[in-house]
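Hello,

Here is the structure you are taking over. My notes on it follow below.

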Amino acid sequence: MIKRIFLLRTDFLDIDKLSKILLYTLMVSHAIRIDTVLVIEYGKKCYILKGEELRHLYPQEKSLQGFVKTIFYKEKKMPGVYIVRDKELLKKIISCNKALIVKYAGNKPKQVFMTCTRELIQENDCIIIPLYSLECFLKDILGYMNCNNISYLDISVGKYGSIEQLVTIVHYVIDINLGGWIRRKGEVRYVKGVYNKVMERRT
């Protein structure tokens, strides 16, 4: 499974904003993206949400807000949610054969594409999507990943006005090119992309 790892840094916890981030990164319609991991850095803590292990995440606004309060305010234990205060522990949670770090290329309207071949991305690789400055990401996070093989992946995202729109575009481009794994009502399904053809995973 090719993992997508979204990385976000925030200086404050806003329930509405975090609800939208969770919705757009970890869900598609009423399904959970099990190939997606969301890492939110807040102060000295990192909140890691792994789609493959998450439960009880629903797209309704009140449900999302309740989910956010449980994780970020009450810090209760939930499946697929990890709260890490020592970034070294990220190595145990985020590991892959090869990491491809997304670099956003181009800003023309309607110019949305990804430079990708079958040889570039293989099973068990991960795509790292920084939702903040790439320079800050390389300085703060890269040293805590359990991966020695690192390269870059150019994705043109056109014009966007919010983080949620950026996430939507990145997911769309990857979905179209590589496909993705989702879980809905306990059923895991692979949605095929242009370049990837794999067998459907049985649960």
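Please keep in mind that this is a predicted model.

I started with I127. Leaving aside residues up to four places away in sequence, I127 touches I2, K3, R4, I5, L100, V102, I121, L153, I174 and L178. I127 also belongs to the largest nonpolar core, which has 39 residues; there I127, L22, L49, L57 and F72 touch the most other members. Helix α5 (residues 163-178) supplies the largest share of this core, with seven residues. As general background, nonpolar side chains tend to be buried together in soluble globular proteins.

I2 lies in the segment before β1 (3-10). Its relative accessibility is 10%, so I2 counts as buried, the cut-off being under 20%. I2 and L178 are 176 residues apart along the chain, and 8.7 Å separates their C-alpha atoms.

Next, helix α1 (residues 15-26). With 12 residues at 1.5 Å a residue, α1 should span 16 Å, and this agrees with the 16 Å between its end C-alpha atoms. Its buried residues are L18, S19, I21, L22, T25 and L26. These lie on the same side of α1, because they cover an arc of only 160 degrees around the axis. At the start of α1, the backbone nitrogen of D16 has a side-chain oxygen of D14 within 3.2 Å.

Regards

Methods. Residues numbered from 1 in each chain as written. Predicted model: local features only at pLDDT ≥ 70, side-chain atom pairs only at ≥ 80, totals over all residues. Heavy atoms only, no water. Helix = DSSP H or I, 4+ residues; strand = E, 2+ residues; numbered from the N terminus. Expected span 1.5 Å × (residues − 1). Buried < 20%, exposed > 50% of the residue type's maximum accessible area, 1.4 Å probe, protein only. Arc of directions from axis to C-beta. Polar contact = N/O pair within 3.5 Å; in protein donor to acceptor, adjacent residues only side chain to side chain. Core = buried A, V, L, I, M, F, W, Y, C linked by side-chain atoms within 4.5 Å. Contact = heavy atoms within 4.5 Å.
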